Amino acid sequence: MTARKGRAGRHLHGGKFAYAALIVFTAGSLFPLVWTAIAASRTNTRLAQTPPPFWFGSRLFRNLEIAWTDANMGTALLNTTVVAGSVAAGTVVFSTFAGFAFAKLRFRLKNALLLLVIGTMMVPPQLSVVPLYMLIAELSWTDQLQSVILPTLVSAFGVFFMRQYLMEALPGELIEAARVDGAGSLRVVWHIVFPAARPAMAVLGMLTFVMAWNDFFWPILALTQSGNPTVQVALAGLGQGYIPDQSVIMAGALLGTLPLLIAFVVFGRQIVGGIMQGAVKG
């Protein structure tokens with residue numbers, strides 16, 4: 001494992017301890033996913049025995065089929081993709097606009113408004129559930145996807161994150177030069193701010209997408225399992241009975257996790273490449 005070149009031009013290599021630590025942390029990170037797959041391939045009776053199974057069984061595809069049918073997983077995956085993609089795109093765009101305004105523009109009460117935005121991060125989300133649900137019911141949006149998309153299109157964390165990044169990564173001289181050339185605010189944002197903020201936008205989009213994909217608290221209140229469920233709402237009613245079928249529940253959890261893993265495998269190189277490219281330009 002090459003870290004970087006030393007002063008004399010030699011490469012610094014990780015020692016045995018570094019490799020051992022990487023192996024331990026990798027195994028610890030993969031263990032929950034592997035155990036989910038093992039549990040999904042067994043029967044509920046076998047999972048209740050001691051010691052628990054530590055290798056795969058023969059019921060993986062059968063349990064996946066049951067989970068797919070009982071949880072309406074096809075609709076849930078499609079709905080979750082729409083919700084998570086819309087929330088991530090909206091959060092990235094609106095947070096970049098707001099972050100640019102707080103970082104580089106001058107207007108009255110800027111600091112007070114920024115403190116107000118940061119202050120909303122300290123309010124527990126449970127306090128807003130009742131008025132938010134009353135608003136959605138008044139708009140007749142219950143059990144519709146817009147009820148979980150629109151309230152989360154902008155996040156205070158995203159605004160603060162983009163503001164902190166643009167404070168350092170976006171030189172004020174570029175904005176002034178664009179103003180001298182006659183560029184308007186939207187053109188400045190499109191041609192200067194967005195390219196400069198691309199690495200931070202990739203990170204914020206990835207974090208927001210994962211957060212929206214795994215969100216459970218608000219979707220379980222706004223959506224129903226038989227109408228327009230997301231993955232987490234669909235999994236809440238899976239395997240229920242006098243004795244919950246843990247193997248089917250694990251199979252459903254595996255189905256809900258696989259799209260995220262595929263997305264990281266397919267787009268992980270592009271995300272890391274964009275971050276590294278931005279770092280080199282900076």
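Leaving aside its neighbours within four places in sequence, which residues is T80 in contact with? They are G85, W213, T230 and V231, where contact means heavy atoms within 4.5 Å.

The model is predicted, so local features need pLDDT of at least 70 and side-chain atom pairs count only at pLDDT 80 or more, while totals for chains, interfaces and linings use all residues. Residues are numbered from 1 along each chain as its sequence is written, and side-chain values use heavy atoms, with hydrogens and water left out.

T80 belongs to helix 4; helices are DSSP runs of H or I with at least four residues, numbered from the N terminus. With a relative accessible area of 2%, T80 is buried (under 20% relative accessible area, 1.4 Å probe, protein chains only). Its side chain reaches the backbone nitrogen of V231 at 2.7 Å.

Beyond four places in sequence, V231 touches M73, A76, L77, T80, W213 and G256. V231 is also one of the residues with the most contacts inside the largest nonpolar core, a nonpolar core being a set of buried Ala, Val, Leu, Ile, Met, Phe, Trp, Tyr and Cys residues joined through side-chain atoms within 4.5 Å.

| Core | Size | Residues named |
|---|---|---|
| Largest nonpolar core | 31 residues | Most contacts inside: M73, V148, I149 and V231 |
| Another core, apart from it | 18 residues | Among them A183, V188, V189 and I192 |

Elsewhere, F194, P195 and A196 of helix 10 meet R198, P199 and M201 of helix 11.

Notes:
Helices (H or I, at least four residues) and strands (E, at least two) are DSSP runs, numbered from the N terminus. Buried means under 20% relative accessible area, exposed over 50%, partly exposed in between (1.4 Å probe, protein chains only). A polar contact is a pair of N or O atoms within 3.5 Å; within protein, one must be able to donate a hydrogen and the other to accept it, and residues adjacent in sequence count only if both atoms are side-chain atoms.
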